[in-house]
Amino acid sequence: MSADSLLTPAQRDDLRAIAGVIIPASAEFDVPGADDPAIQADILATLGRDTSLVREALDELARLAGRQPLASLDPARREAVALELRAKGGAAVGTLTRVVVQCYYRDDRVVRSLGLEPRPPYPKGYVLEDGDWSLLDPVRARPPMWRRT
Amino acid sequence: MNDSVDVLIIGAGASGAAVAWSLADTRMHILCLEQGGWMNPANYPSTGRDWEARAFGDYSPSPNIRARPEDYPINDDNSPIKVVNFNGVGGGTVMYTAHFPRMHPSDFRVKRLDGVAEDWPIDYDTLVPFFEENDRMMGVSGLAGDPGVPPRNPPMPPLPLGRSGTMLGKAVNRLGWHWWPSDTTVATVDYEGRSRCINLGHCTPACAAGAKASTDITYWPAARRSGVELRTHCRVREITTNEHGMAAGVVYYDADGVEQFQAAEVVVLACNGVGTPRLLLNSASGRFPNGLANSTGLVGKNLMFHPYAQVYGYVAEETDSNRAPPTCLWSKEFYETDRSRGFVRGYTFQFGRGVGPVVEAVASEAKGLLPWGTGHHTAFRRLNGHRLGLSAICEDLPEEHNRVTLDPVLKDSHDIPAPRIDYRIGENTARMMEHGIARAKEILAAAEATDICVNSPILYGGWHLLGTARMGTDPARSVVNEWGRSHDVKNLFIVDGSLFVTSGGVNPTSTIQALALYIADQMKQRLANLFD
C-alpha cells in the first residue's frame, strides 16, 4: 500500500497546507513553496516508515484547527494554528517537519537557488581546497604534550 | 551437521576481521559467522538524491530506527545516550566517520597516574607494532609531527585543510591551543586497490567510492584469500559448553532461519561492547547460571560510551559544508589530566566541516533558528553552508551501574532476548563536558561564529561501546586475561571494545583493531598450550 493511500484526502490537503506555511514560495529567491505539487508528490511517495507519525501530527493539526481544513482558515488563523502545532513539538511534529524539509531541500529548483548542483554526491564528488598549511607552524613548534608513562 | 572448525569468530566488523586476517597464516580452519550480509556500495546513500534523508531511515545509525533485518533491537530507554551501530560485513566500520586517533600512553595507566578506575594489563608500547600494522591494513592518512600524540607515520598524506579547517586552525591559533589534521581512514591517494577520496562528503553512512576504509574492503578480501570462511546472515543465539566447561560451539540461525550447531575448538567474540555481553548472558547454562565467562558478575557492567558535547555556530564565510569528509582536525589541548580544571582525565576535540542542506534545515528548525513562514528563506541562506562545529569526545570512566543486561520482554526477529542499557553520565564526565562546551564556545567566538548551538550529550551518539567484558590479570576483577582469553572458559576469547578497561578520550576503532591483532598474535605464539 502506498503512503499516498495511507493518508486521507483531508490529511493530504492539510499536509499540503501546513507545508506551505512552513516554507512558503518566495518570489525574491525564485523558489516554490513546500506546497508545490512536485514536492508534495515526493513527500507522499517517500513517507514510508514516517507515515504513522506524520498521521499523528496531522491529527493534532486537525484538532487545533477545529476540524476545519487548514487551507480554509484565514491567513492569521492558519498561522496561529501552525505556530501552536510547532510549539507542541514532540516526535510526531518533528517528523512532519522533517519530511517536508527533506523533500523541499532536494527539489532541483530549490537546490539550484542555493547555488548548488542538483545531483547526488556520487560519482562526481566535489573539490576540497588544500587550505593554508602555514597555520600549523606555531603548533609544530610546541614541545610534546602527551604524558609519558 | 557442520564440520567442526578450529576457530570460530562471531562478528565480521572491526575486530573480527582483524583477528581473522591475522590468524589466517596459521592455516587453521577459521570460520566467521556474521548476522548481516555483504554491503553493496551501489546502494549507499550518496548515490541517490535522497542521500541525506536516508540517515533518518534505512541508514540511520540507530538500529532501532534503521530496523534492517540484520539489526537487533536495543532497549536504551534508560540512557541519555542511544546506542548506534551497524550490522553487516564490516560492522561499525561501514558506518563511522573514519576518525582514527589512537589511545594515548596515559590512557593505559589511569590508576597510577590519576588515581581513578584501574590500569590496563598492557601498555601503549605493547600495542605500537599492532597500531602500525593496522594503520597499514586499514590505510590511514595523516600528518606526522603532531606534538599532541606519540610519534607515528601514517602511510598516506592528510586530508586537505579546506576552508573549514583553515578557519578553525586560525581560530585555535588565536587562543594558542593545539590542533592538528586528524588521522583518518579516508584514502587520500590510491591505496591497496582503493581509490582516493573524491569528496562525496557523506562518509559516515558508508562510502560509495570505497575511499573510506571499512573491513569489508580492507581486511576481509585478504582474509578470504588466505582461506578464512565467512558465513553471512547467520545470527548466533548462544555459545554452548561441554562437560569440561570448555566452549563446544555455537547455536545459530542460518540465512533461512534454520537452527544450526557449529562446533569449534576455539570461539572468539567480536560482537562489540553490547553484542558480546548480550551473547555471553544469553549463553547461561546449568554450569554457568549467570552467563558464560561471568563468574565475577562483571559481564555487561562498566559500559562506557564517550559522551559527546557538540557545539556549533555560523560564520559569514562559506565553509566546506557537506562537500568534503566530515573528518577534519583534532585538538589534544585538553586531553591529559590537569586537576585545576575540576576533573581528571580529558577529551579530544573533533572538528567538523559542516553539513548538507537537509540536515541543516532539520537541525536549525529544531533549534529555533529557522522560522516557519516569512523569513524562512533568508534565514536558511544565512545558515546553510556556513556552519562550523566541534565535539568534545569525553573520557567515560567505568562505573558498574552502567551496564548491559538482557531485556525481560524485548526480543529480536529470532526470538533471542535483546539487550537493555542502563546508563547515566558520571560526575567527572559531566564536569568534563561542561569544560568542553565552554572551550568550544571560545573557539567558535575566535572564529567569529554566531548563533551558537549545543547538543550535550549527542542523543544518538553511542557509537563507542566499551568496557563490558574487560581485560585484566586478576580473575576477580576482570572477564578475560591480559591476552583476551576468558578466565573461566579457556578456549573462549574476546577481541572487541568490551575489553577496554577504561575508554580514553578518542574514537576507539584504531585501538580496538590493534588489540585484536595483539590478541591474535598472542594466540599464535601460544598455540601449543593455548588452553593451559
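At what angle do the axes of α6(A) and helix α8 (residues 357-366) of chain B cross, and within what distance do they come? The axes come within 9 Å and cross at roughly 145 degrees. Axes here are lines fitted to C-alpha atoms, for helices over the stretch in contact, and angles run from 0 to 180 degrees between N-to-C directions. Helices (H or I, at least four residues) and strands (E, at least two) are DSSP runs, numbered from the N terminus.

The model is predicted: local features need pLDDT of at least 70, side-chain atom pairs count only at pLDDT 80 or more, and totals for chains, interfaces and linings use all residues. Residues are numbered from 1 along each chain as its sequence is written, while chains are lettered from A and ligands numbered from 1 in the order in which they are written.

The crossing of α6(A) and α8(B) is right-handed; a crossing is left-handed if the near helix is turned anticlockwise from the far one by less than a right angle, and right-handed if clockwise. On the α6(A) side the contact is made by Gly94(A), Thr97(A), Arg98(A), Val101(A) and Gln102(A), and on the α8(B) side by Val358(B), Ala361(B), Val362(B), Glu365(B) and Ala366(B). Two residues are in contact if their C-beta atoms, placed from the backbone, lie within 7 Å. By class, this contact of α6(A) with α8(B) has five nonpolar, three polar and two charged residues. In this scheme Ala, Val, Leu, Ile, Met, Phe, Trp, Tyr, Cys and Pro count as nonpolar, Asp, Glu, Lys and Arg as charged, and the others, Gly among them, as polar.

Now take the interface as a whole. It brings 45 residues of chain A into contact with 57 residues of chain B. On the side of chain A that touches chain B, at least two residues each come from α2 (9-22), α5 (75-88), α6 (90-104) and α8 (137-140) of chain A. The most are given by α6(A), with five residues. That side of chain A divides into 24 nonpolar, nine polar and twelve charged residues.

Within chain A, helix α4 (residues 51-64) packs with α5(A) at an angle of about 135 degrees, with their axes 10 Å apart. That makes α4(A) oblique to α5(A), given that angles under 35 degrees count as roughly parallel, over 145 as roughly antiparallel, 65 to 115 as roughly perpendicular and the rest as oblique. The crossing of α4(A) past α5(A) is right-handed. Glu60(A), Leu61(A) and Leu64(A) in α4(A) meet Val81(A), Glu84(A), Leu85(A) and Lys88(A) in α5(A). These residues divide into four nonpolar, no polar and three charged.

Chain B contains an open sheet of six strands in the order β4-β10-β11-β12-β9-β15, with antiparallel pairing. Two strands pair if DSSP finds at least two bridges between them. The edge strands, each pairing on one side only, are β4 (180-181) and β15 of chain B. Strand β11 (residues 347-351) of chain B pairs with β12(B) over five bridges, and Phe349(B) stands opposite Ala392(B) in β12(B). Helix α10 (residues 427-446) of chain B packs on the sheet, touching β9, β11, β12 and β15 of chain B, and its direction makes about 155 degrees with that of β12(B).

Is strand β9 (residues 308-314) of chain B mostly covered or uncovered? Seven of its seven residues are buried. A residue is buried if 20 or more other C-beta atoms lie within 10 Å of its own, exposed if 12 or fewer, and partly exposed in between. Tyr308(B), Gln310(B), Tyr312(B) and Tyr314(B) are buried on one side of β9(B), and Ala309(B), Val311(B) and Gly313(B) on the other. Strand β9(B) pairs with strand β12 (residues 387-394) of chain B over seven bridges, where Gly313(B) stands opposite Leu388(B). With strand β15 (residues 450-455) of chain B, β9(B) has four bridges, and Tyr312(B) stands opposite Cys453(B) there.

Helix α1(B) is largely enclosed by the rest of the structure, because ten of its ten residues are buried. These pack against β1 (5-10), β2, α4 (124-138), α6 (219-225), β8 (259-269) and α11 (509-525) of chain B. Thr26(B) lies in the loop between α1 (14-23) and β2 (30-33) of chain B. This threonine counts as partly exposed because Thr26(B) has 15 C-beta neighbours inside 10 Å. Leaving aside neighbours within four places in sequence, Thr26(B) is in contact with Lys524(B) and Leu527(B). Thr26(B) and Lys524(B) are 498 residues apart in sequence but 7.3 Å apart in space, C-alpha to C-alpha.
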